[in-house]
Amino acid sequence: LGFSRDGFHFHRPDRRAFLPMSETKGDWNWGNVQSAGGGCAIVGDKLHFYCSGRSGTPENREAGGSTGLAILRRDGFVSLEADEKEGTITTRPITFTGKKLFVNLAAKAGELRVEILDEKNQVIAPFTRADCVAVSGDSTKQAVAWKATDDLSSLKGKTVRFRFHLKNGKLFAFWVSPDIQGSSRGFVAAGGPGYENHRDG
C-alpha cells in the first residue's frame, strides 16, 4: 500500500504484500491475486477490499477463479502506539475550517488527551491537556472535548498544532469536522452503503 498527502506524490514505506498470494498449491489464491473494483468500499466502520484469486495456471483447466474479501478497520492502515509509558506527538502546522475534533482510537485500557498549540508552540486556552476530557474505548469516530468547550470555531483559519498524549492505545487518525456527526469531508474511495457521492458528508 502507498499513501499520498497531496494526491500527486506517493510513498510506499512498507513493501509487504497487502493481499498476498498463498505459497500452497491449490489454495484459492495460489496462482494469482489482484484487486477488483474501485479500491475499497466503506461499510460502517470497516473497509472492504475485494480481490480475485486463481488456484492454478492457464494450463490447468480445472483451476478456478474466486473472489476474496479482506476487511480492515476504517482508516486503520497505520497507527501511532503507546504502552503504559505515555507517548506524545505534535502535528505539523495545520489550518482547518471545521469545529469538532474527532479521533480514530483503540484504547480500551488506556486514554488519550489533546492540547492545541499556536504558531509559537504555546498552548491555547481553554484547549489545554489538563482541561481535556480523557478519551478511551475503541471507536473509529470519537469526539474530543475540553471541560469548557468542544467547539474549535475560534481557531478556524488559524495555524495551529495538535499535541496528542497517549497511554495504552493506538491512534489511527484525527480530523476536525464541521458537524457533530463527525463527517470528514474526505474522499470515500469506492463509496459504500449510505454514501451518495465521493465525499464523507
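This report covers the nonpolar cores, a surface patch and the cysteines.

## Basis

This is a predicted model, in which local features need pLDDT of at least 70, side-chain atom pairs count only at pLDDT 80 or more, and totals for chains, interfaces and linings use all residues. Residues are numbered from 1 along each chain as its sequence is written, and side-chain values use heavy atoms, without hydrogens and water.

## Nonpolar cores

A nonpolar core is a set of buried Ala, Val, Leu, Ile, Met, Phe, Trp, Tyr and Cys residues joined through side-chain atoms within 4.5 Å. Buried means under 20% relative accessible area, exposed over 50%, partly exposed in between (1.4 Å probe, protein chains only).

The largest core has 23 residues; Leu 112, Val 114, Ile 116, Trp 146, Leu 152 and Phe 162 touch the most other members. Strands 8 (100-117), 9 (135-144), 10 (161-167) and 11 (169-177) each give two or more residues to this core. Strand 8 gives the largest share, seven residues. Strands are DSSP runs (E, at least two residues), numbered from the N terminus. Another core, of seven residues, lies apart from it, and includes Cys 40, Leu 47, Phe 49 and Val 188.

## Surface patch

Leu 1, Phe 77 and Val 78 make a nonpolar surface patch of about 300 Å². Val 78 sits in the loop between strand 5 (65-73) and strand 6 (80-82). Val 78 is exposed, at 61% relative accessible area. Patch residues have over 30% relative accessible area and no salt bridge, with nonpolar side chains joined within 5 Å.

## Cysteines

The structure holds zero disulfides (pairs of cysteine sulfur atoms within 2.5 Å). For Cys 40, the nearest cysteine sulfur is that of Cys 51, 13 Å away. Cys 40 is buried, at 13% relative accessible area. Cys 132 is buried too, at 2%.

How values were computed. Helix = DSSP H or I, 4+ residues; strand = E, 2+ residues; numbered from the N terminus. Patch = residues over 30% accessible without salt bridge, like charges linked within 9 Å, V, L, I, M, F, W, Y side chains within 5 Å. Areas by Shrake-Rupley, 256 points an atom, 1.4 Å probe, with all protein chains shown as cover. Salt bridge = Lys/Arg side-chain N within 4 Å of Asp/Glu carboxyl O.
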